[in-house]
Amino acid sequence: MDGAPSGASCVPLRDGVERAPANGTGILSCGCEETAPALAGAVFAFRQAGRAPSPPLDALKSAPVAHAAPAGRIVLVRLHVIDPTPIHTLARRLELPPVHERLLLRAWLLGHGLERFAATRGAPFSVSLMQALPELQVELDRLAMAAQQHASADGSRRLVIRLADGKTVESVWLARQAICISTQVGCAVGCSFCRTGMGGLERNLHAAEIAAQVVLARKHGHVTRRVVLMGMGEPIHNLEAVLQALELLGGEGQLGHKELVFSTVGDPRAFERLAAHHVRPSLALSLHTLDEGTRRELLPRAPRIEPRALLEGALRYCERITWPLLVQWTLLEGINDSPQQALELSEQLKGRRALVNYIPWNVVAGTKLARPAWERGVQLVRTLRAQGVLATLRRSGAQDVDGGCGQLRARTAPATAPVS
Ligand code: SF4
């Protein structure tokens with residue numbers, strides 16, 4: 001069964017699926033690239049929803065994401081278990097009831113200490129679970145450790161976060177109860193205006209590491225109600241882990257699904273996945289230009305999709321979730337900052353559910369790009385608004401501490417430098 005080729009080997013769902021083991025976090029995988037992620041998302045959603053540790057086949061078949069399978073068919077399926085967090089691993093090992101697993105997840109994701117939580121709740125946890133809590137807490141803390149912090153004059157903070165293997169990513173704690181988090185160490189897209197892209201990709205973050213950045217902020221008193229995935233990395237390149245993290249944050253993490261912002265260079269296949277997912281985040285599309293050649297130069301390893309088609313796919317997703325699309329447009333002098341380009345964009349967006357966010361480029365050393373004058377951005381916003389299109393000009397937070405859009409990178413961090 002393992003590694004079955006897609007297409008010709010597909011069999012009807014009922015012949016291929018297996019049941020998740022009792023108390024296992026059921027993730028189904030198969031050799032079909034398109035189908036495996038859909039099923040993984042389906043079963044994970046069931047698990048998170050606590051509907052059944054072993055999703056019944058009928059329920060799985062009717063799960064919205066299962067319909068992503070081509071023509072209702074999937075390849076032969078092999079079941080194995082992936083634990084998105086140490087809590088899931090422990091729950092499986094100790095065969096915890098789902099309600100205890102959920103209590104632990106909630107305590108962790110809200111930034112409470114597990115032992116304190118167990119004591120104050122008087123939760124009827126087993127002796128074996130209580131004994132395991134200190135070690136579990138250490139393991140969770142190691143997922144994302146604050147190594148450095150840099151406070152900006154605007155009140156935001158850039159955090160250098162050390163992962164358990166010593167790699168670093170960055171988060172920015174923003175005003176208005178928001179946080180910008182990373183999904184990868186580095187990034188493979190290589191946008192010419194972005195510091196993260198210059199170093200290439202080192203590795204993907206696990207779902208727990210993505211969620212742990214929010215936990216870290218909450219633990220240190222940064223009230224977090226909005227999470228933007230605009231830090232290091234391209235979420236679509238690490239889609240499974242990102243979807244699992246969204247499931248955690250939008251579930252026991254108690255964040256509104258529209259307060260989770262999936263920021264991407266875009267891919268219609270990924271929009272389909274998001275639309276079929278239990279937690280459907282709001283979408284920010286990093287468009288930057290409507291010209292295909294220019295986009296290829298600016299975003300050399302983004303999917304080769306004609307920008308208008310890409311925009312249309314993103315708009316359709318947002319119409320399905322009835323939430324506006326955020327169109328991100330990094331302003332680069334002489335490249336994508338002309339009033340004519342704003343008019344062309346307005347033609348695409350008139351009457352659609354969208355907001356254009358112009359971001360004057362945050363200077364990154366080592367490039368020949370230039371940041372246009374602020375007044376140019378104001379002019380473009382006026383141009384769009386005159387056409388009936390919503391538009392804003394963003395002043396990125398934490399620019400003075402290299403924490404603005406496109407300025408994050410994997411920095412060397414000392415072993416310890418606690419956050420106050
Ligand atoms: S802008 Fe985003 S997608 Fe482009 S290189 Fe930077 S992190 Fe990657």
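Trainee: What places L349 in helix 14?

Mentor: L349 is found in helix 14, and helices here are DSSP runs of H or I with at least four residues, strands being E runs of at least two, both numbered from the N terminus. The model is predicted, so local features need pLDDT of at least 70 and side-chain atom pairs count only at pLDDT 80 or more, while totals for chains, interfaces and linings use all residues. Residues are numbered from 1 along each chain as its sequence is written.

Trainee: Why does L349 count as buried?

Mentor: A residue is buried if 20 or more other C-beta atoms, placed from the backbone, lie within 10 Å of its own, exposed if 12 or fewer, and partly exposed in between. L349 has 21 C-beta neighbours inside 10 Å, and therefore counts as buried.

Trainee: Which residues does L349 touch, leaving out those up to four places away in sequence?

Mentor: L349 touches A354, V356 and V389, where contact means that the C-beta atoms, placed from the backbone, lie within 7 Å. The C-alpha atoms of L349 and G388 are separated by 8.9 Å, although these residues are 39 apart along the chain.

Trainee: What makes R376 partly exposed?

Mentor: R376, which is found in helix 15, has 18 C-beta neighbours inside 10 Å, so it falls between the two limits and counts as partly exposed.

Trainee: How are helix 14 and helix 15 packed?

Mentor: Two packed helices are described by the angle between their axes and the distance between the axes. Helix 14 (residues 339-349) and helix 15 (residues 374-386) pack at an angle of about 35°, and their axes are 9 Å apart; the axes are lines fitted to C-alpha atoms over the stretch in contact, with angles running from 0 to 180 degrees between N-to-C directions. On the helix 14 side the contact is made by P339, A342, L343, L345 and S346, and on the helix 15 side by Q379, L380, T383 and L384.

Trainee: How do the residues of this contact divide by class?

Mentor: The contact of helix 14 with helix 15 has six nonpolar, three polar and no charged residues, given that Ala, Val, Leu, Ile, Met, Phe, Trp, Tyr, Cys and Pro count as nonpolar, Asp, Glu, Lys and Arg as charged, and the others, Gly among them, as polar.

Trainee: Which residues have the most contacts inside the largest nonpolar core?

Mentor: They are I161, A211, L249, A314 and V356, in a core of 104 residues; such a core is a set of buried Ala, Val, Leu, Ile, Met, Phe, Trp, Tyr and Cys residues joined through C-beta atoms within 7 Å. Helix 9 (residues 207-219) gives the most to this core, with nine residues.

Trainee: Why is this core said to lie between domain 2 and domain 3?

Mentor: Domain 2 (86-141) and domain 3 (145-401) both give residues to the core, so it lies between them, the bounds coming from an automatic or database domain assignment.

Trainee: How do H288 and T322 compare, buried or exposed?

Mentor: H288, in the loop between strand 13 (282-286) and helix 12 (292-298), has 25 C-beta neighbours inside 10 Å and so counts as buried. T322, in the loop between helix 13 (307-320) and strand 14 (325-331), has 9 C-beta neighbours inside 10 Å and so counts as exposed. H288 has a positive phi of about 70° although it is not a glycine, and T322, also a residue other than glycine, has a positive phi near 50°.

How values were computed: Contact = placed C-beta atoms within 7 Å.
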